Amino acid sequence: MGEMNNIRNIVILTGAGISAESGLRTFRAEDGLWEDHPVEEVATPEGFRRDPELVQRFYDERRRNVRDAQPNPAHAALAKLDREWDGELLIVTQNIDDLHERAGAQRVLHMHGEALSVWCRACDARHPWEGTLLDGPPCPACGAVALRPDIVWFGEMPYEMDRIFAAIARADLFVSIGTSGAVYPAAGFVQQAAAAQARTLELNLERSNGSHWFDETRLGPASVLVPEWVDEVLA
């Protein structure tokens with residue numbers, strides 16, 4: 001990036017590409033399939049109403065996959081940046097895994113929810129969860145049998161958008177890592193960052209739908225590009 005000396009506040013958006021190297025296949029908008037299921041079946045409120053058992057089984061499997069996966073060097077590098085950067089930093093992830101946290105990052109916001117969390121539709125509480133939801137367990141807070149995956153499905157509002165927009169408005173640098181630029185509202189963050197006069201950088205395996213919005217695009221695997229970039233920032 002060259003002129004890092006006037007960078008104080010950083011917002012990082014991470015997507016499927018940062019977890020792919022940890023073995024987590026993730027939903028891609030282009031073919032409309034997620035783990036061989038049409039997203040309408042497993043990632044919409046309508047799909048859940050139509051066949052709750054299918055959806056619960058699907059997310060039971062996602063929780064197992066997340067538990068089995070390990071953070072890769074890209075997650076480790078962002079955790080190092082989080083530890084050592086004394087300006088503002090917010091890692092906004094579209095991913096539902098906890099690999100950022102397991103690598104040691106703390107300033108993380110899951111805009112699309114988390115695989116290892118459940119949401120009670122009766123009392124609105126959220127709870128860490130690693131087991132199955134298939135057997136209709138009661139909510140630990142209110143006892144209702146109303147738990148669902150704590151995942152933002154298509155047609156639902158992503159979490160903490162006000163906090164994300166506020167961070168982007170203050171950012172000097174916006175970095176997008178491993179995201180297709182196909183799913184809104186996240187795909188629009190780069191335009192908001194540019195409007196706020198932030199510098200913008202994309203790290204991705206291939207050019208994305210939104211590459212033309214960025215000041216700079218670097219192509220390659222996240223496990224290589226992210227550690228290199230973090231070393232630059234901290235140098």
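Me: Phe48 and Trp153, buried or exposed?
Reply: Both are buried, where buried means under 20% relative accessible area, exposed over 50% and partly exposed in between, with a 1.4 Å probe and protein chains only.

Me: What sort of model is this, and how are residues numbered?
Reply: It's a predicted model, where local features need pLDDT of at least 70, side-chain atom pairs count only at pLDDT 80 or more, and totals for chains, interfaces and linings use all residues. Numbering runs from 1 along each chain as its sequence is written, and side-chain values use heavy atoms, with hydrogens and water left out.

Me: OK, how many aromatic pairs are there?
Reply: Five aromatic pairs. Rings of Phe, Tyr and Trp (its six-membered ring) pair if their centres lie within 6.5 Å; planes under 30 degrees apart count as stacked, over 60 as edge-to-face and the rest as tilted.

Me: What geometry do Phe48 and Trp153 have?
Reply: They form a tilted pair, 5.3 Å centre to centre with 45° between the planes.

Me: And where do they sit in the chain?
Reply: Phe48 is in helix 3 (residues 45-50), while Trp153 is in the loop between strand 8 (147-151) and helix 7 (161-170), so to speak distant parts of the chain, 105 residues apart. Helices (H or I, at least four residues) and strands (E, at least two) are DSSP runs, numbered from the N terminus.

Me: Why does the Phe174 and Phe214 pair count as stacked?
Reply: Because the planes are at 20°, with the ring centres 6.3 Å apart.

Me: What does that pair tie together?
Reply: Parts that are 40 residues apart in sequence, because Phe174 lies in strand 9 (residues 173-177) and Phe214 in the loop between strand 10 (199-204) and strand 11 (216-219). Phe174 and Phe214 are both buried.

Me: Which residues form the aromatic cluster?
Reply: Phe48, Phe58, Tyr59 and Trp153.

Me: Which charged end sits over the ring of Phe58?
Reply: That of Arg62, 4.4 Å from the ring centre. Sitting over a ring takes NZ of Lys or CZ of Arg within 6 Å of the ring centre and within 35 degrees of the ring normal. Arg148 lies over the face of Trp153, at 3.8 Å from the ring centre.

Me: Switching topic, how many helices and strands are in the protein chain?
Reply: Nine helices and 11 strands.

Me: How much of the protein chain counts as buried?
Reply: 52% of its 235 residues.
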